[in-house]
Amino acid sequence: MRAFDYAAAATVDDALKLARPGSAFLAGGTTLVDLMKLDVLTPDRVIDVNSLPLKGIRLHAGALRIGALERMSDVAAHPVVTAVHPMISRALLLSASWQLRNMASIGGNLLQRTRCDYFRDVTSACNKRRPGSGCPALTGVNRGHAILGTSDSCVATHASDVAVAFVALEAQVVVRGKDGDRTIPLDDFYRLPGSTPERENALAPGELVAEVVVPTLPWARHSTYLKIRDRQSYEFALTSVAAAVDLKRGVVQDVRLAAGGVGTKPWRLRAVEEALKGGVAMERTFADAAESAVDGARPLAHNAFKTSLLKRSIVRALLDAAGVR
Amino acid sequence: MIGQPVDRVDGRIKVTGAAPYAADTKVPGVAYGYLVTSTIGKGSVTAMDTAAALASPGVLAVYTPFNPLKLFAYVQEQNDERFPPLQDNEVRFFGQAIGFVVAETWEQARDAAGLVTATYQQQPPATEFPGRTARRFDEVEEVVGTQALGDITFTATYTTPFQHHCAMEPHATVATWNGDHLTVYTVSQGALLVQRRLSETLGIDAAKIHVLSPHVGGGFGGKWGNWAQVPLACAASKALGRPIKAVLTREQVFAMAGHRPTTEQTLTMTCTADGKLTSIVNDGVTSRGLGGNWSESVANWTLTTYASPNIRVTKKIVPLNLGAATVMRAPGEANGSFALESAMDELAEQLGVDPVELRLRNYATLVPNTGKPWSSKHLDECYRIGAEEFGWAERPKGVRATVDGDWLVGTGMATATYGAGRGQASVKVRLHPDGTASVSGTAADLGTGQYTVFAILVADELGIPVSSVRPELGDSTSPAAANAGGSTSTGTNGPAVQVAAKAVQTELITLAVSNPRSPFHGKDPATVVDRDGSISSGGVTMSFGTLLTTCDVGGVEAVGTSPRLVDPEHGYRSFGAHFCEVRVHRLTGEPRVTRWRSVCDAGTIVNAKAARSQIQGAVVMGIGQTLLEATEVDHATGRFANANLASYLVPVHSDIPKIDVRFLNHPDPLVSGLGAKGIGELGIVGVAGAIANAVHHATGVRVRDLPITLDKLL
Ligand SMILES: Cc1cc2nc3c(=O)[nH]c(=O)nc-3n(C[C@H](O)[C@H](O)[C@H](O)COP(=O)(O)OP(=O)(O)OC[C@H]3O[C@@H](n4cnc5c(N)ncnc54)[C@H](O)[C@@H]3O)c2cc1C
Ligand code: SF4
């Protein structure tokens, strides 16, 4: 860790004014401080945003609105969330640990950094951390890495669980800067690595994430968030699937699907959704539809199993969400 | 009292944070040392720039191979580093200590360490271990014509990855000098191991080195050796005239403080049609880290487990540019048993014989490789009771036979055995006027329960409550007791505690009859009895505390020594059997252990509660060994790529089912009067085999490469 200035912002305007190149906002600190200890992030100014009024969980104009500074544990337990979008609650409860969820904010969660071990070790090359230095994961240890949305520059997954649920539910983020607010679909907010893996999202330097807006979707109560990992708890996903299914007389009317642990960003599975619509909700249908999930997948030496695991996870999640056997 | 479930005597200070661990040691005027480590896997350091670090705030000194602290060569093999740090500029592995920065605060030392730059002459590190890949193996079945008709051959290769001890407490050392006397507070599995090492490398008389290691936050073998921070803290403290504290970071622990080597075993067994083994050959290969000398005799477990007229084991060593490989809970046996116990299950299936039955048909009533009788062996009883209590009889014969919802359910079993014996140990017991007793020896308690064993045995011998006994361990000035390694602590130290407690009673009686103030003065010692903490004779009874007070004596003490057991006539081992149930999801393949029963024949059990915890802990570690743990090397750099506790997965609570443990508690008549053999390592032996066998029973897939992760089961 390097020495840094600390400033606590009392208002959003303060926070925006305090921001400058090389500064970082501090919410729960579970990503920021962790990476500062490893010298991966070396901000010279840390701006504490925890007293900003970016809080509240409410239903408004057909949408669930969650303030960026709400803690993961509070969001997971909130009655409106569990009633309207249980998938969000489930994705949060399968994330990290109680202690971390009590500290970590929703805004910070969406901006958390990849768990690629090369990114987290400053002695290693890494295009995301040090642009142009190379990507050792391409030929090194890559069991946990992405198979979708990768480039020759970077194959790191986006590690957030709840972002997968948000993408399935077509959530938007409200971004606040000196020039006012912008509302961006979360799916567009995240960028593919391409040749600039250091740029992960649409946030401009010094901008704040203010709020997450999730449209209500009555049938999304029939949903699940499935997370597959080696260890039963306290681990990031090898694969995860957020699934919601609208069934009528056993036929899929509508469906939402997104996957985690496999993509360089939370991965919406639109082709699978299309293939499912109109199908009879049964394992065979799900398995056939899941095939297209891995179109364009680029497996690496140690993560080829993820193509098979992703398809199987989709089937399992759909069986759960649809309540069929 | 022996064999009752007794709460740990050090439990309260541990859960309240009062127990002083090495890094908690507060010494006035302490400065902090931080290691600089190599960022290449092989080559040499040609230059180092320390100017920026030296100019950085609070920095007192920067030591490097170009400006070293003098350390003499290591002599004794301690399963740790071959060479003392900073004495040469060769880089043998990634993360090797190449510098030591000392500053006023830990943060200053760390920040300055980040400013030290090294120039290297770099060579490609050798880190590939031939043979270990994550492939799934095909069953091999072969009938060899040259053998007697009906003979059956089975052969297969089993592989295991690098693993790390991951004790919660990182390696810490605090050194302080008073003239030419050194006091060291450090993590260690034996204070004398530190004293001996420091005496060698600092070139000073061992009598001038006082080592204190009263509490150790887990060792598992990783604290048997002394790693770079130990000699550096001591030598720098001398050079600077300041106490110095040095603590390794978690990544440094991974890189330089030892690991379980990667191994391969090719087992070939022949047997008669009714399953009697006619030969067993195990060709073992082990890695050795070039930072050290040690490697694992992975095939040797095969020598003593099953009866067979022909047994051959071999060992090949693959040296790699990694830190020292070292002992890790059941070194050799944990990996060795994975292969043989899997192979026995495979052979049982091939023959259509129940796996327990096959083991009984090949039961070794004599030590297989020497033909000597055992000191005691009740493994058949372990099988029988384990099978009964587990419900083994209801096990379906075929694989993939039980499905519960979306989960494939299977069961498996395996044998556990681990060497036993008794070394020499000396222990001191002292009786105090306040009615308490203290007992001391250089032994270590790594969380194993050794403190409580000492207290129980003294209490039992003197007839006083456990709470009246104060055990004092981990101090090099105490009598020389056994270090904590090889599951020998209780088997070796226990008898010495008993001898010392008996001896102190003799001392007490001598005092009683000879001290003029004693009510027993002048009595014939033969008429004086010492029972329940009191002396009595001729109708007079007095507690030892009152007697000491009455005589105005500050205490009586005695050192007892129990000699090393030398018995060339018998084989000594602890035995056990594991039975488990595993569930594997039919779609996503994750294996989860859902039921566990272990039955152990480890001689006399001194503390039923802590002993059960030892076996449970070993099974937990075995579940990690089998399903989760693997340290992966980045071959381009030679760095352990997942050298942190987020990426190196150890089990969490939800991975662990209820673990039922039963001890047969048959005293071993030959090992000692106490009859206790070892339990610390026994519990992990066989765990991997039992789980692998259950996974096969559940799914029909045989995984011969640890860890058994879901990708191998899809
Ligand atoms: C051991 C461990 C296990 C974990 N396991 C999981 C898991 O299983 N699943 C999962 O999803 N996550 C997991 N996490 C990640 C965790 O959820 C995130 O670290 C956490 O959500 C980040 O939130 P925070 O408030 O602590 O963010 P901070 O650490 O405070 O901030 C993170 C980043 O976002 C920026 N930032 C924060 N708030 C704002 C804002 N409002 N506007 C603009 N920028 C902002 C910061 O500058 C920083 O760059 C784990 C973390 C750890 C340490
Ligand atoms: S995968 Fe991305 S984050 Fe990981 S090393 Fe490569 S560039 Fe860096």
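**Two interfaces in a predicted model**

On the side of chain A that touches chain B, helix 12 (residues 305–322) gives the most, with eight residues. By class, this side of chain A is made up of 12 charged, 10 nonpolar and seven polar residues.

Charge also shows up in pairs across the boundary, where the rule finds four salt bridges between chain A and chain B.

The size of an interface is often given as the accessible area lost when the parts come together. For chain A and chain B the buried area is about 2,600 Å², and 53% of it lies on carbon and sulfur atoms. Three arginines stand out on the chain A side: A:Arg231, A:Arg312 and A:Arg316 supply 24% of the area that chain A buries against chain B, more than any other three residues. In terms of contact, 29 residues of chain A and 33 residues of chain B take part.

The domain assignment divides chain B into domain 1 (11–124 + 165–256), domain 2 (263–421 + 568–712) and domain 3 (425–562). Between domain 1 and domain 2 of chain B, the C-alpha centres are 35 Å apart, and the contact draws on 22 residues of domain 1 and 27 residues of domain 2.

These two domains of chain B bury about 2,100 Å² between them, with carbon and sulfur atoms giving 61%. On the domain 1 side, B:Asn79, B:Arg82 and B:Phe254 supply 28% of the area buried against domain 2, more than any other three residues.

What about polar pairing here? Between domain 1 and domain 2 of chain B, nine residue pairs are in polar contact, again with both residues at pLDDT 80 or more. The side of domain 1 that touches domain 2 has nine nonpolar, eight charged and five polar residues. The rule finds one salt bridge across this domain interface. For a salt bridge in chain B to inspect, go to B:Glu251 and B:Arg639, whose side chains meet at 3.0 Å, N to O.

Methods: Residues are numbered from 1 along each chain as its sequence is written. Chains are lettered from A and ligands numbered from 1 in the order in which they are written. This is a predicted model: local features need pLDDT of at least 70, side-chain atom pairs count only at pLDDT 80 or more; totals for chains, interfaces and linings use all residues. Side-chain values use heavy atoms; hydrogens and water are left out. Contact means heavy atoms within 4.5 Å. Buried area is the accessible area (1.4 Å probe) that two parts lose on being put together, summed over both. Helices (H or I, at least four residues) and strands (E, at least two) are DSSP runs, numbered from the N terminus. Ala, Val, Leu, Ile, Met, Phe, Trp, Tyr, Cys and Pro count as nonpolar, Asp, Glu, Lys and Arg as charged, and the others, Gly among them, as polar. Domain bounds come from an automatic or database domain assignment. A polar contact is a pair of N or O atoms within 3.5 Å; within protein, one must be able to donate a hydrogen and the other to accept it, and residues adjacent in sequence count only if both atoms are side-chain atoms.
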